[in-house]
Amino acid sequence: MTNLVQFPGLGLSFELSRVAFSIGGMDIYWYGVCIAFGLCLALVFAFRRCTEFGIDADSMVDVILIGVVLGIASARLYYVAMAPYNYDTIWDVLAVRDGGLAIYGGIIGACIAVVIYSRKKKQNFSLLMDTASMSIVFGQIMGRWGNFFNREAFGDYTNNLFAMQLPVSAVRANEITQKMWDHVVTVNGVEYIQVHPTFLYESLWNVGVLLFLFWFRKRKKFNGEVFLMYLIGYGLGRIRIEGLR
């Protein structure tokens with residue numbers, strides 16, 4: 001029962017485990033699977049659409065290889081920088097398997113990668129970012145579901161249609177607000193908090209952003225405008241969703 005996640009308003013419930021499968025005694029977590037699948041979606045899109053933006057496939061391969069490495073490193077460093085006192089040693093900082101990647105850091109790392117590549121190969125930075133921005137949204141749509149399996153990054157108490165119930169024992173104690181405690185429900189002897197599923201909100205918002213970018217890409221007036229629209233669209237959604245957390 002402690003692994004049960006419920007959506008009472010929708011009549012849905014899921015028995016979740018953080019572990020997707022094991023290889024040689026090493027657990028592979030659903031969080032990592034979601035991130036990896038999101039990355040694969042982003043790569044497929046980039047390869048299929050790069051020529052549409054005037055970028056050849058070989059250049060896109062180079063950008064992706066640099067971007068993935070710098071993106072992951074930057075996402076981790078950004079996450080650690082937001083909570084520096086939680087990490088006592090360099091090994092704690094490097095322990096990505098213990099969780100902790102920030103999307104803003106990943107975007108910063110990707111931008112740095114494009115800057116480096118565009119200057120070295122004399123490619124158009126703005127065109128590369130137009131292509132990359134749509135790929136990033138693909139990755140974000142799927143990657144956010146890792147928070148669902150980890151039972152994290154949820155909002156405060158709500159009783160709306162999409163309200164999500166999580167076992168108290170399955171979440172970090174410091175993430176439970178007084179408002180959540182005031183509305184704890186007990187089902188079959190298990191205490192649940194009832195919260196906003198902000199991972200779902202953001203994933204759905206990103207679907208909307210992606211659809212808008214598909215429509216907008218052929219109407220842009222200058223290189224880099226698609227990336228600008230991505231930043232505005234994603235930023236507006238994130239501001240609202242973060243306000244629920």
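These questions and answers concern a predicted model.

Q: What makes the phi of Arg151 worth a note?
A: Phi is near 55°. That is a positive value, and Arg151 is a residue other than glycine.

Q: Why does Asn188 count as exposed?
A: Asn188 has 67% relative accessibility. Exposed means over 50%, so Asn188 counts as exposed. Asn188 lies in the loop between strand S6 (185-187) and strand S7 (190-195). Its phi is also positive, about 50°, although Asn188 is not a glycine.

Q: Why is Leu161 called partly exposed?
A: The relative accessible area of Leu161 is 48%. Buried is under 20% and exposed is over 50%. The value falls in between, so Leu161 is partly exposed. Its place is the loop between helix H6 (145-150) and strand S5 (164-167).

Q: How do you know which helix gives the largest share of the lining of the largest cavity?
A: Helix H8 (residues 198-216) supplies three residues, the largest share. The lining includes Thr198, Phe199 and Glu202. By type, the lining residues divide into three nonpolar, two polar and three charged. About 40 Å³ of space lies in this cavity.

Technical notes
Residues are numbered from 1 along each chain as its sequence is written. This is a predicted model: local features need pLDDT of at least 70, side-chain atom pairs count only at pLDDT 80 or more; totals for chains, interfaces and linings use all residues. Side-chain values use heavy atoms; hydrogens and water are left out. On a 1 Å grid over the protein atoms alone, a cavity is a set of points where a 1.4 Å probe fits but cannot get out, and a pocket is an open set with protein on both sides within 12 Å along at least five of seven lines; lining residues have an atom within 4 Å of a point. Grid points are joined across faces, edges and corners, and a volume is the space filled by probe spheres set on the points. Helices (H or I, at least four residues) and strands (E, at least two) are DSSP runs, numbered from the N terminus. Ala, Val, Leu, Ile, Met, Phe, Trp, Tyr, Cys and Pro count as nonpolar, Asp, Glu, Lys and Arg as charged, and the others, Gly among them, as polar. Buried means under 20% relative accessible area, exposed over 50%, partly exposed in between (1.4 Å probe, protein chains only).
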